[in-house]
2 protein chains.
Amino acid sequence: MDNQEKRNKEQLILVAAEQEFLTKGYDGARTTSIAKAAGVTHAMLHYYFGTKEELFERIVDEKFRIMSQSMLAVMGEPDLPTIERIRSGIAAHFDFIAKNPHLPRFLINEVVSRPERYSILQNRIQGVINILFSQLQEEIDNAAARGEMEWIDVRTLLISIMSLNIFTFVAYPFMETMLGDFMSDREKFLAERKAENIDTIMCRIKTKQP
Amino acid sequence: MDNQEKRNKEQLILVAAEQEFLTKGYDGARTTSIAKAAGVTHAMLHYYFGTKEELFERIVDEKFRIMSQSMLAVMGEPDLPTIERIRSGIAAHFDFIAKNPHLPRFLINEVVSRPERYSILQNRIQGVINILFSQLQEEIDNAAARGEMEWIDVRTLLISIMSLNIFTFVAYPFMETMLGDFMSDREKFLAERKAENIDTIMCRIKTKQP
DNA sequence: TTTGTAATTAACAATTTTGTTAAACCAATT
DNA sequence: AATTGGTTTAACAAAATTGTTAATTACAAA
């Protein structure tokens, strides 16, 4: 077996672990189940990754990194006028979550069940985010001063955007039970949701004429 | 020991079980931990409730019932004009979730991890909800025809309201890591969020004058 | 007081799950 | 061919967790 095949085997375990952890969470995941899905004995899993805990952290670290990227996505394209930039940011954020539909629920559950573990990770991203936030806040301040939009605290805005975009996916199976027919065509439903979320935020920040 | 005290002991287990299941989920919960928290031997837990599964379903059933009530809350006070009714509905829904902050994440996780089990439960609430939805939809149709508000599909509206209200609590610990200072005063933060959610939806459904 | 029923306890059993280890294996290098 | 290194397997061990049971207690009714 050459080096490529070894990497491959390690990779198979990682892929299976990602699937298992993201859908079942740490407590619901079984290392034997991961090994089986990867097509290896469970001793191999321990050989490469030590413990369930260590394997899990490999996945969590990667997912946290990916999730941080989505924070950048919501900043939108820099060259557009502020309001269009926000519009593009919402769309990009929605698309990102649509590509990683299990990610938010997974990370939320992790942080909820082990808050202490992620305080370090938090500090790391908080610095980056604060800078981005203050940049966007300044843009908003200026645009509002020019009467191009209503003023809003960037953090308030971000929470609203994240709520609308993320909840759709976090609660998807739950809403399906109540709104089965309304959501039967997933592609169509998501396209409508994306448009609706953009509309909702745009309404909120567009200049009102009394 | 009289009957009251027996009920009391059963109740102690239920209270402890609720706490454990809602915060840790089914997989993370431990029957021994529940028994310990309730101050009884774990054999007592099995004596009263049979299995972990059965105890869990007791909790889930109750929580599903409570959650259904919140669907009614979002319908608002019937005597108000449509737009004010929706406003009161958003506020009532927000307050309800604020009183049961763990409920949404718990139920979402349950439905996600065992979708098949809840198809029956779904049918039960779907009937009630469809009637309420069509009533509110008719009100919206009329109000929109009178030019009092923008037309919107009631299901689209409901999803937006639920997204804004529920996500705040589902992702609270997660957002705290990014926005610690912004959220340090929980009461103030929640009050602002509630107002913001109402504003956001009101903007979306109020008549636009072009 | 006796008797019957439910409640309680402690000890045990069964299963699941994670983790370990010693031996076998394979491939490349000397 | 022998050595060396990492890889793989099967069997085992340890721990945790759920569930059971037989014996004991408490209590109320006959």
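**Exercise 1. In which handedness of crossing, left-handed or right-handed, does α5(A) pass α10(A)?**

Solution. Keep in mind that this is a predicted model.

- Step 1: Look along α5(A) where it meets α10(A); the crossing is right-handed.
- Step 2: Find the residues that make the contact. From α5(A) come Ile83(A), Ile86(A), Arg87(A), Ile90(A), Ala91(A), Phe94(A) and Asp95(A). The α10(A) side supplies Leu190(A), Arg193(A), Lys194(A), Asn197(A), Ile198(A), Ile201(A), Met202(A) and Ile205(A).
- Step 3: Turn to the geometry. Helix α5 of chain A covers residues 82-99 and helix α10 of chain A residues 186-205; they pack at about 150°, and their axes are 10 Å apart.
- Step 4: Classify the angle. Angles over 145 degrees count as roughly antiparallel, and α5(A) is therefore roughly antiparallel to α10(A).

**Exercise 2. Describe the fold of chain A in outline.**

- Step 1: Chain A contains 10 helices and zero strands, giving the pattern α-α-α-α-α-α-α-α-α-α along the sequence.
- Step 2: Among the 210 residues of chain A, 51% count as buried.
- Step 3: Take the contacts in chain A with a separation of 6 or more: 65% of them join residues 24 or more positions apart.

**Exercise 3. Is Thr82(B) buried or exposed?**

Solution. Begin with its place in the chain.

- Step 1: Thr82(B) belongs to helix α5 of chain B, residues 82-99.
- Step 2: Its relative accessibility is 5%, so Thr82(B) counts as buried; the cut-off is under 20%.
- Step 3: Leaving out residues up to four places away in sequence, Thr82(B) touches Glu139(B), Ile140(B), Ala143(B) and Met149(B).
- Step 4: Met149(B) is also one of the residues that touch the most other members of the largest nonpolar core, which has 146 residues.
- Step 5: Leu55(B) is listed there too. Beyond four places in sequence, Leu55(B) contacts Ile13(B), Leu14(B), Ala17(B), Phe21(B), Ile34(B), Leu45(B) and Phe49(B).

**Exercise 4. Work out how the two chains are related.**

Notes. Residues are numbered from 1 along each chain as its sequence is written. Chains are lettered from A and ligands numbered from 1 in the order in which they are written. This is a predicted model: local features need pLDDT of at least 70, side-chain atom pairs count only at pLDDT 80 or more; totals for chains, interfaces and linings use all residues. Side-chain values use heavy atoms; hydrogens and water are left out. A nonpolar core is a set of buried Ala, Val, Leu, Ile, Met, Phe, Trp, Tyr and Cys residues joined through side-chain atoms within 4.5 Å. Buried means under 20% relative accessible area, exposed over 50%, partly exposed in between (1.4 Å probe, protein chains only). Contact means heavy atoms within 4.5 Å. Axes are lines fitted to C-alpha atoms, for helices over the stretch in contact, and angles run from 0 to 180 degrees between N-to-C directions. Helices (H or I, at least four residues) and strands (E, at least two) are DSSP runs, numbered from the N terminus. Angles under 35 degrees count as roughly parallel, over 145 as roughly antiparallel, 65 to 115 as roughly perpendicular and the rest as oblique. A crossing is left-handed if the near helix is turned anticlockwise from the far one by less than a right angle, and right-handed if clockwise.
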